[in-house]
Amino acid sequence: MIHAEGVAEVTDANFDGEVLAAELPVLVEFTADWCGPCRQLAPVLSAIAAEEAGRIKVVQIDVDANPGITSRYAVLSMPTLMVFRSGEPVKSMVGARPKRRLLQELEDVFETV
């Protein structure tokens, strides 16, 4: 898995506790080693995790190693970014994007924190 610095990795085993039970909204990147756009997204996720630490939790899950969660949320393309709030998915985005655009897409999530 392409690991973004400062971003925790979750698995099928700990997903419910780390994501669904989290107090903050959680941005989950579904990623894989073979995913080129995931490499581009890694520094963006690292920056957001550091800059928005009190407002959103950022985690990654390797789709190849964690097929249970991947199929539970019907993730077919990498990278898929999903935002969870209070145990429910509230937003889904597919594909890499620059930091500024991702922050714009997350504004509604931040407004309700």
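In the largest nonpolar core of this predicted model, which has 38 residues, the members that touch the most others are Phe-15, Leu-27, Val-28, Phe-30, Leu-45, Leu-102 and Leu-106. Such a core is a set of buried Ala, Val, Leu, Ile, Met, Phe, Trp, Tyr and Cys residues joined through side-chain atoms within 4.5 Å; buried means under 20% relative accessible area with a 1.4 Å probe, protein chains only. Two or more residues each come from helix 1 (15-20), strand 2 (26-31), helix 2 (36-51), strand 3, strand 4 (80-85) and helix 5 (107-111). Helix 2 gives the largest share, seven residues. Helices (H or I, at least four residues) and strands (E, at least two) are DSSP runs, numbered from the N terminus.

Beyond neighbours within four places in sequence, Val-28 is in contact (heavy atoms within 4.5 Å) with Phe-15, Val-19, Val-59, Ile-61, Thr-80, Leu-81, Met-82 and Phe-84.

Strand 3 (residues 57-62) includes Asp-62. Leaving out residues up to four places away in sequence, Asp-62 touches Met-1, Glu-9, Thr-31 and Ala-32.

The chain as a whole has five helices and five strands, in the order β-α-β-α-β-α-β-β-α-α from the N terminus. Of its 113 residues, 47% are buried. The C-alpha atoms fill a box of roughly 35 × 30 × 20 Å along the principal axes.

Residues are numbered from 1 along each chain as its sequence is written, and side-chain values use heavy atoms, with hydrogens and water left out. Local features need pLDDT of at least 70 and side-chain atom pairs count only at pLDDT 80 or more, whereas totals for chains, interfaces and linings use all residues.

Technical notes:
Buried < 20%, exposed > 50% of the residue type's maximum accessible area, 1.4 Å probe, protein only.
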